Amino acid sequence: MKKGQQHICGEPRWWRGNLHTHTFWSDGKAFPDEAAALYKAHGYHFLGLSDHNVFQDDPARWIQETRRERYFADYLAAFPGAEVRIGADGVREARLSTFSELAERFDEPGRFLLMPTIEATRSVQFPDGRRHEVHMNYTNIPKLLPSLCVPDFKRVADDVPISEFISRHAEEVGAVARSTGAARHLFIVNHPIWQWYDVAPEDIAESSAIRYFEVCNNGTEIPSCPDLPQDGFDADRFWDVVNAFRARRGLPLLFGTGSDDTHCYRGESHGGMLMPFNAWILVRSPSLDAESIIGAMETGDFFACEGLEPEDVSFEPSSGTLSVSVAARPGVAQAIRFIVSKKDFSEVPVRTMRVRPPTETDNPCHERTIRVYDDRIGMVAKSVHGGVGQAVRASYTLAPDDLYVRARIEAPGQPLCTANMHPRCLAAWTQPYSA
Ligand SMILES: [Zn+2]
Ligand SMILES: [Zn+2]
């Protein structure tokens, strides 16, 4: 059986993974072998090395040691068989391992799986000079999208609305997946509230081709504004706006993932942000292979996690009851909050504002529009608090006027993801469910 096609079947169980990681193939600060070894040693079961606009398939990609002396020393100490040479300009170089070499080295049936992943990193240039970054992950398709293979692909100098721009990518990923025979794939809208972005929930609310977004990305600064609502504009609110609109229209609900977006492995830059092991997903499937993992995610049987890992979740469609349980954690008091949106919410914003990022800049492209809706979107319908060191079990049954329900598990304490003021505590998220 080929590596990457493991089938260790059995009872469904939880598998831990991170699908958003960078290496020296793009702007990450580690060799890909180091990243894979680190996550595997830390108990992760699957990993996507999602370098920007590149799939790791070039066997002749060398990087120079200049300004990377420390990284080279660590790498060669840990991987003494690594290929090094003296380049044409007299500088030492190391060859980057390809995806297939990495899979051969690290994949292990029932233990660890590398999943081909790319972060399509685009910049949309509008005629009025505004420019917006749009980042989208796709997984289990081992090749670049055609739109990433043309010269000057990164900038799109037209006025395609962001909503259409993302939908086009989702459709392109689907078409490429079919052409490669990939049975299942993922397409994830990354860190939509990053300050350099301008993806609004309304941009992805109507596109049923977009099934996933990052509710928790480790290291994306949100825009700030003194006029923001008291509870801020965060990824939870973004999620509920999308799903309130979708549920009303009968469209599939958007699922949320968590990721490290790892760039630094030693805390050496980005203010110590974008480090490993802060946000991940926990997927329940009978086996550790891409088809099974993605198949489980398609049914919503996974959590996004930031420091907490719940024990179980179930939804009974006939009664509309969502049940969640979390195991006891010594010294920690955990709570389960059930969040709903109501059928009578208004699609007319209560207010609309232009928001600038916290960083001082003269570039108008960094402004964004935030629409604040009434509080019937994203209401906390029920909270159940456990005592210190206690397990918590709770359930919620959809009321006749609920569009959907999801649960967020919380525990006080220093959040692992500190850059974006979200989620401000240790947390984990179920997916949304509707009857
Ligand atoms: Zn990104
Ligand atoms: Zn990234």
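1. Let me start with helix 2: the cover over its buried residues includes helix 1, strand 4 (62–64) and strand 6 (92–95). Please keep in mind throughout that this is a predicted model. The buried residues in helix 2 (residues 69–78) are Tyr 71, Phe 72 and Tyr 75. Viewed down the axis of helix 2, these buried residues fall within an arc of 100 degrees, so they line one face of the helix.

2. Strand 15 deserves a visit of its own. Five of the five residues of strand 15 are buried, so the strand is largely enclosed by the rest of the structure. From strand 15, Phe 302, Ala 304 and Glu 306 point one way, while Phe 303 and Cys 305 point the other way. Note that Glu 306 is listed among the buried residues here, in case you plan to look at the side chains one by one.

3. On one side, strand 15 (residues 302–306) is joined to strand 14 (residues 280–285) by four bridges, and the two run antiparallel. Val 283 has Phe 302 of strand 15 as its bridge partner, and Leu 282 stands opposite Phe 303. Strand 15 also runs antiparallel to strand 24, with three bridges between them. In that pairing, Ala 304 stands opposite Trp 429 of strand 24.

4. Strand 24 carries the pattern onward. Leu 426 and Ala 428 point one way from strand 24, Ala 427 and Trp 429 point the other way, and all are buried. Four bridges join strand 24 to strand 23, again in an antiparallel run. Ile 409 has Ala 428 in strand 24 as its bridge partner.

5. The zinc ion (ligand 2) has four donor residues, at 2.0 to 2.3 Å: His 20 (NE2), His 22 (NE2), Glu 119 (OE) and Asp 261 (OD). Angles among the four donor atoms span 79 to 171 degrees, and the site is irregular. Why is the site not called tetrahedral? A tetrahedral site needs all angles between 85 and 135 degrees, so the range of 79 to 171 degrees rules that label out. Along the sequence, the donors of this zinc ion are spaced H-x1-H-x96-E-x141-D. His 22 sits in the loop between strand 1 (13–21) and helix 1 (32–41), and Glu 119 in strand 8 (residues 117–125), so the pair ties together parts 97 residues apart in sequence.

6. The zinc ion (ligand 1) is coordinated at 2.1 to 2.2 Å by Glu 119 (OE), His 135 (ND1) and His 191 (NE2). Its donors follow the spacing E-x15-H-x55-H along the chain. Glu 119 in strand 8 and His 135 in strand 9 (residues 131–139) link distant parts of the chain, 16 residues apart.

7. Glu 119 has a relative accessibility of 1%, and His 22 is buried with a relative accessible area of 0%.

8. Thr 180 belongs to helix 4 (residues 162–180) and counts as partly exposed, at 34% relative accessibility. Leaving out residues up to four places away in sequence, Thr 180 touches Ile 141 and Lys 143. Thr 180 and Pro 142 are 38 residues apart in sequence, with 8.4 Å between their C-alpha atoms.

Definitions and conventions:
Residues numbered from 1 in each chain as written. Chains lettered and ligands numbered in written order. Predicted model: local features only at pLDDT ≥ 70, side-chain atom pairs only at ≥ 80, totals over all residues. Heavy atoms only, no water. Donors = N, O, S within 2.8 Å, 3.2 Å for Na, K, Ca; no water. Tetrahedral: all angles 85-135°; square planar, octahedral: opposite > 155°, others 65-115°. Buried < 20%, exposed > 50% of the residue type's maximum accessible area, 1.4 Å probe, protein only. Pairing = 2+ DSSP bridges. Arc of directions from axis to C-beta. Contact = heavy atoms within 4.5 Å.
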